[in-house]
Amino acid sequence: MERGTATGQKLSIVGFFEEKGFDDEKINRMLRKCNRLESIERERASENWDYLESIGIQKRKLPYVIFKCPKILTLSMNQKLVPTVQCLATLGSKPGGVASAITKFPDILSHSIELKLCPLLAFFQALGISEKQLGKMVLLNPRLISYSEMKLTQITDFLASIGFNKEELIGKTLAKNPFLMGYSIEKRLWPTTEFLKSIGLDEVSLQRVVCYFPEVFCRDVNRVLKPNLAFLKRCGFDNNQIANLVAGYPPVLIKSVSKSLEPKMRFLVEVMGREISEIADYPEFFRHGMKKSLEFRQKVLKQKNIHCSLSEMLSCNQRKFIAKYGLAVGFS
């Protein structure tokens with residue numbers, strides 16, 4: 001290609017990006033990330049952009065998608081882009097699933113999906129995960145396509161090391177929480193495991209956190225978990241009570257102290273007149289909303305002059321609570 005033509009095409013693609021709202025810094029970063037951008041025709045870039053919008057990617061999110069993976073604009077429409085999207089569409093039936101997957105991980109369009117899916121399927125089928133389940137996992141966490149078999153094996157070995165001794169149990173856990181596979185064992189999952197053990201969680205309780213509360217298991221120990229633990233200690237809970245609290249309701253370690261835990265603790269002591277030890281017996285106290293649950297039910301019980309445990313007060317839904325304790329005029 002002649003120098004003048006190349007320069008002209010570069011100016012053309014720069015103009016295209018400017019029209020789409022990119023500033024100079026982002027344009028230069030995209031050009032450095034993908035050298036091929038300088039040699040593509042503006043028409044191809046425009047066609048690929050329009051195609052991405054046509055398959056359901058939100059107009060306001062398209063600049064983000066292209067900035068993360070500018071290579072998308074250089075791909076052949078018929079030989080790469082359309083076949084890849086069609087392949088992704090076979091993985092699930094949920095409307096918008098493909099567009100959501102591309103938005104989460106734009107680089108998925110630059111991978112050879114067909115070539116990646118076969119080894120992925122073989123790996124997960126050994127764990128009892130079906131082809132249909134794998135499709136849902138990829139759409140939920142499209143980065144799976146980029147993971148090596150070594151990385152996946154390390155995760156399964158890690159889960160086995162903390163008591164997941166059946167392949168099917170590991171498979172069910174990963175199928176439900178495919179994002180687990182994206183975290184570093186050394187930097188995130190192992191430190192969290194050691195932290196949870198240090199506050200008294202046994203193997204069964206630890207497995208429950210991994211299976212049902214992965215949002216706790218994946219959080220940073222120093223930035224999130226330790227500050228919440230420090231708050232619980234300041235409240236006066238002893239080590240055994242804290243272990244019961246975390247085992248009974250693991251999200252207590254990630255809830256906002258100022259917006260959730262602290263206001264509920266004050267309400268329990270100052271308004272309800274209860275001891276903090278009651279929470280250790282019913283950790284799910286922290287799951288309930290302040291206005292719709294705690295304040296409302298406390299008001300009903302106080303008006304009726306009824307005394308009951310936190311579990312009796314909160315473990316049933318609103319309809320059963322009303323049926324059990326009656327509803328005074330003014331609470332309908």
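Is Lys291 buried or exposed? Lys291 is exposed, because its relative accessible area is 64%. Here buried means under 20% relative accessible area, exposed over 50%, and partly exposed in between (1.4 Å probe, protein chains only).

## The model

This is a predicted model, in which local features need pLDDT of at least 70, side-chain atom pairs count only at pLDDT 80 or more, and totals for chains, interfaces and linings use all residues. Residues are numbered from 1 along each chain as its sequence is written, and side-chain values use heavy atoms, with hydrogens and water left out.

## Salt bridges

Side chains of opposite charge can pair when their charged atoms come close. The structure holds 5 salt bridges, a salt bridge being a side-chain nitrogen of Lys or Arg within 4 Å of a carboxyl oxygen of Asp or Glu. One of them joins Lys291 to Glu295, at 4.0 Å from N to O. Both residues lie in helix H18 (residues 290-304), 4 residues apart, about one turn of the helix. Helices (H or I, at least four residues) and strands (E, at least two) are DSSP runs, numbered from the N terminus. Glu295 counts as partly exposed because its relative accessibility is 31%.

Another salt bridge links Glu278 and Arg274, at 2.8 Å from N to O. Glu278 is partly exposed at 23% relative accessibility, whereas Arg274 is buried, with a relative accessible area of 12%. Glu284 and Arg287 also form a salt bridge, at 3.4 Å from N to O. Glu284 is partly exposed at 28%, and Arg287 is partly exposed at 43%.

## Aromatic rings

A pair of aromatic rings is described by the distance of the centres and the angle of the planes. The structure holds 9 aromatic pairs. Rings of Phe, Tyr and Trp (its six-membered ring) pair if their centres lie within 6.5 Å; planes under 30 degrees apart count as stacked, over 60 as edge-to-face and the rest as tilted. The rings of Phe22 and Trp49 have centres 6.3 Å apart and planes at 85 degrees, so this pair is edge-to-face. The pair links distant parts of the chain, 27 residues apart: Phe22 is in the loop between helix H1 (3-19) and helix H2 (24-33), and Trp49 is in helix H3 (residues 42-54). Phe22 and Trp49 are both buried.

Phe285 and Phe286 are also edge-to-face, because their ring centres are 5.5 Å apart and their planes stand at 70 degrees. Phe285 is buried at 0% relative accessibility, and Phe286 is buried at 0% as well. Ring pairs also join Phe16, Phe17, Phe22 and Trp49 into a cluster.

## Charges over rings

A charge sits over a ring if NZ of Lys or CZ of Arg is within 6 Å of the ring centre and within 35 degrees of the ring normal. Lys33 lies over the face of Phe67, 5.6 Å from the ring centre. Lys151 lies over the face of Tyr147, 5.2 Å from the ring centre.

## Helix H9

Helix H9 (residues 149-161) has 13 residues. Its buried residues are Leu152, Ile155, Thr156, Phe158 and Leu159. They cover an arc of only 155 degrees around the axis, so they are on the same side of H9; the arc is that of the directions from the helix axis to the C-beta atoms. On the other side of H9, Glu149 and Met150 are exposed. Just after H9, Gly163 takes a positive phi of about 110 degrees.

Key:
Expected span 1.5 Å × (residues − 1).
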